Amino acid sequence: MTASTLQPAINVLPSKKTPIILSAIAVIVFFCFGLLGNSDSAHFQLNSAGDAFKLPELVFPGKASNIVIGLLLIGLAVYSWLQRKKSKLVATWMIAIAAVLFVLSFLIWVVSGADITTISLASLLAGAVVLAVPLVFGSLSGVLCERAGVVNIAIEGQLLGGAFTAALVSSLTKNAFAGLIAAGIAGALVSLILALFSIKYVVNQIIVGVVLNVLVSGITGFLFTTVMQEDPELYNKPVHLPVIDIPGLSAIPVIGPILFKQSVIGYLMYLAVFIVWFGLFKTKWGLRVRAVGEHPKAADTLGIKVNRTRFWNVTLGGIVAGIGGSFFTLVAIDSFTKEISGGRGFIALAAVIFGRWNPIGAFLAALLFGFADNLQVILTIIGTPVPSQFMAMMPYLVTIFAVAGLVGRSRGPAAAGEPYVKE
Amino acid sequence: MKLELRGISKAFGSFYANKNIDLMVDDAQIHCLLGENGAGKSTLMNVLYGLYQPTEGEILLDGKPVEFSGPGDAMAAGIGMVHQHFMLVPVFTVAENIALGAETTKAGGVLDLQDTRKKIREISDRYSFDVDPDAIVEDLPVGVQQRVEIIKALVREAKILILDEPTAVLTPQETDELLEIMRQLKANGTSIVFISHKLREVRAVSDVITVIRRGEVIDSVSPESSTTELANLMVGRAVELNLNKAPATPGDAVLQVKDLTVVDPAGTTTLNSVTFDIHEGEILAVAGVQGNGQTELTEAILGTQPVTAGSVKLAGEELVGKSVKQVLRSGLGFVPEDRSVHGLVTEFSIEENLVLDLYDRAPFGKGISMNLDAIKKNATAQIKDFDVRTDNPLNPASSLSGGNQQKVVMARELSRDLKLFIASQPTRGVDVGSIEFLHRRIVAERDKGTPVMIVSTELDEVMELADRIAVLYKGRINGIVPGNTSREVLGLMMAGVSAEEAAEQAEFTKSDNEPVEAAPAGERSENQEGEGQ
């Protein structure tokens, strides 16, 4: 028998997923938001009180703008089909443009059809950042733990524990900073249980995390009814952290209130994102942590103490999430109530995945969820044609689509969730 | 540096993986540990590297006793180890992997990889490794990853380098290059402990060969010993390894695979338009370095891997799109590559494992009931026929050794009337005695007229069994060549060189240069005798 040459390759076209999604978006925008949309105009204010100078109001005629945006999106969809035919992938920035256009068109559609056709874009964004604060801390906690190889489902419990402890300590000591520190300790305590059971006793990390959430919810709920509600003046009247206004800078329209008019926790958030990112990717500590999360045995053969690294990272994650939880009772809300964290720990978990286990990615993902959350609040106020119950679903829908859209493309630390046991 | 192991024993529970082992490695010596899979070579090295604590005995470096509580201590003492399964973080760059654990830092613990990069380039240049410090490890070929491991040890100034089955994952050319690197390291004063069960390599490069069997040192011999001698020492009895199979008498092309393509969920084409036939009464061996589409090919035929395009016809009947059960019923006997995961339910008894895919058919099953007598009778007959070493067919399959487990799988699959027999890595991790047995069974099935497909990463096995050889490279068939094609040509083809070019290059090397390795005359026939695995 003679030798044959290399058999020819056949072309396998890339997945149809992206073109189909882009086409669906284009059709929805063009027909539903455009042709069937309201012909009133949507007004977006860019200024908030105390701004240094005035920016003009943005006005979009509802129907006309959405028909234009719809046509642009149809163009993009057609382009993506053509790209697929050439076996090429659609560039990520084009998908990003499509997403931004879709959000814009949605905003124009709801606002132009609402009872009040004016919303403040400045407060929409500023509010989004505020709502994102606990999510950012929660997701940083998730990043710290998972990068070291421990899945932290207990973020919700850490946020809740932090919120409760902060309220209690701040009320008792009349010192908001004592509350902040106590919140960090509370988060660390939740983490210690997680670390002990998942690292030392090799219990399934998911199960420990879920149990911890239930445990913290139970304890805080019990203490709330038995202690706090007995004497709310004494136990549940936390002193709030001051909002620090940086003069001059905070008067810049739109970005001023976001960056330079925050509570201490708000500023800490920006700092924490940077520190965790820098630590993980630029330092010796980070290299070791990531090695432990990716290939613990390799780290072990190089003399790195795998379980010790994991233990400290989980503890650190707990502190971060605990501080995030204090945001509820030291900044956002007057007093502690049951389940004050409202499932945000789970959204933070989604932000970890959506942000691809990167602190900055997780921060941006948390901002997106915060945006959806705040949008829902504002749109309910202005009275949209969409029932408010559907609006309330929005942050969760965004979460599901964001995470589902990434399945198969996003790869977490290889050893996350797997206990390391020496033979 | 001189290394001495004195009376090392390592017990796991009541089982001794190493028993009273004495070993002496001289300065700048290549000392080979030869033994079958499971003989206790890797355990011994893990003890030396501080991963395991010895139950008894002591380790001496340059005459001084040392104790290692972990790999960190061993490294500090000048011992480096290249594990069989690389200890590299796949998503890190080469420099990050090498820096890990011994990082150079600037103020505040900030990583300084410049220094590491410089060291990598130095070593890379000295041994002409050609390793880019900034490449991501998972993108590198296995051979290069292995060099990264060696650099990792050298950067830590290892005086003694342990190489644990380093050639298992390499193409023959890469293996020759590695042997050359080992000689250079030795010339620079590094002692090497080389763990292997491949006689050809061991004889080519070692200064001393220590044979280990069942956890004990059997003998230390010189590399001049013949392969038969070494094989006998390794197995513990005289082994007859030459298969002497009759030439194939191929009939009709029963299996016709056409343009078979598999794309994995991540969008990578793992099997790319593969086309081949297998005739009645012939063995087609699929050769290739691990991870070039072998798993996908066999699983696509079986039906456990979704097929993107192409067709598989068995005696004219299309298999693609059928359920696994239908495929098996149409006459496929299938030995999966990982017997303990996919070939057996290890918690089930041997008896039950022997009817895993037959339990619902006569004589074993009728309606909702099973005929336990028939199952028992079948087990007794099969155990005898395949010489499965067990005292009770009701023992769990997990109680068997690798070779006996494989016999159970093979017995089950061959007990039906087959139209096609596929065996993936039929003798991986199997002792030499069982290999001989399993190979004979495969050839006997061929002689019954069944088309046989063998997938193996062991070139020796491929050359021993094959009537024709198809080489898989990056998911494509890089040529189908006759079964007597030389090792050199196959090696080049496994590295992506086309069949014609490979033949020319091999010819050129033979006439112009000595092969890198001092291969004795009559290499090929000797290989067949000596290297069962």
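The questions and answers below concern a predicted model.

Q: What makes Leu330(A) count as buried?
A: The cut-off is 20 or more other C-beta atoms within 10 Å. Leu330(A) has 27 within that distance, so the residue is buried. Its place is in helix α13(A), residues 306–332.

Q: Which residues beyond the sequence neighbourhood are in contact with Leu330(A)?
A: Beyond four places in sequence, they are Ala166(A), Ser170(A), Ala176(A), Gly179(A), Leu180(A), Pro238(A), His240(A), Leu241(A) and Ile265(A). A contact requires C-beta atoms within 7 Å.

Q: How does the reach of α15(A) compare with what is expected?
A: Helix α15(A), residues 359–382, has 24 residues. From first C-alpha to last it reaches 34 Å, close to the 34 Å expected at 1.5 Å a residue. Gly383(A), just after the helix, takes a positive phi of about 75°.

Q: What makes α15(A) mostly covered?
A: The test for each residue is 20 or more other C-beta atoms within 10 Å. In α15(A), 17 of the 24 residues are buried, hence the label.

Q: Which residues touch the most other members of the largest nonpolar core?
A: They are Ala351(A), Ala366(A) and Ile454(B), in a core of 267 residues. Helix α4(A), residues 121–147, gives the largest share, 17 residues. Domain 1 and domain 2 of chain A each supply at least three residues to this core.

Q: Which residues does Ala366(A) touch, leaving out those up to four places away in sequence?
A: Ala132(A), Leu135(A), Val136(A), Ser139(A), Ala348(A) and Ala351(A).

Q: How many residues of chain A and chain B take part in the contact?
A: Chain A gives 29 residues and chain B gives 41. On the chain A side, α11 (284–294) and α12 (296–301) are the elements that give two or more residues. The largest share, six residues, comes from α11(A). By class, the chain A side has 14 nonpolar, nine polar and six charged residues.

Q: What confidence does the predictor give the complex and chain B?
A: The complex has an ipTM of 0.85 and a pTM of 0.80. Chain B averages a pLDDT of 88, and 95% of its residues score at least 70.

Q: Where in chain B does pLDDT stay under 50?
A: Over residues 512–533, for which the model has 37 contacts beyond four places in sequence. Among the elements of chain B, helix α19(B), residues 523–530, has the lowest mean pLDDT, 39. The highest, 96, belongs to helix α3(B), residues 94–99.

Definitions and conventions:
Residues are numbered from 1 along each chain as its sequence is written. Chains are lettered from A and ligands numbered from 1 in the order in which they are written. This is a predicted model: local features need pLDDT of at least 70, side-chain atom pairs count only at pLDDT 80 or more; totals for chains, interfaces and linings use all residues. Two residues are in contact if their C-beta atoms, placed from the backbone, lie within 7 Å. Helices (H or I, at least four residues) and strands (E, at least two) are DSSP runs, numbered from the N terminus. Ala, Val, Leu, Ile, Met, Phe, Trp, Tyr, Cys and Pro count as nonpolar, Asp, Glu, Lys and Arg as charged, and the others, Gly among them, as polar. A residue is buried if 20 or more other C-beta atoms lie within 10 Å of its own, exposed if 12 or fewer, and partly exposed in between; C-beta atoms are placed from the backbone. The expected span of a helix is 1.5 Å times one less than its number of residues. pLDDT is the predictor's confidence in each residue, from 0 to 100. A nonpolar core is a set of buried Ala, Val, Leu, Ile, Met, Phe, Trp, Tyr and Cys residues joined through C-beta atoms within 7 Å. Domain bounds come from an automatic or database domain assignment.
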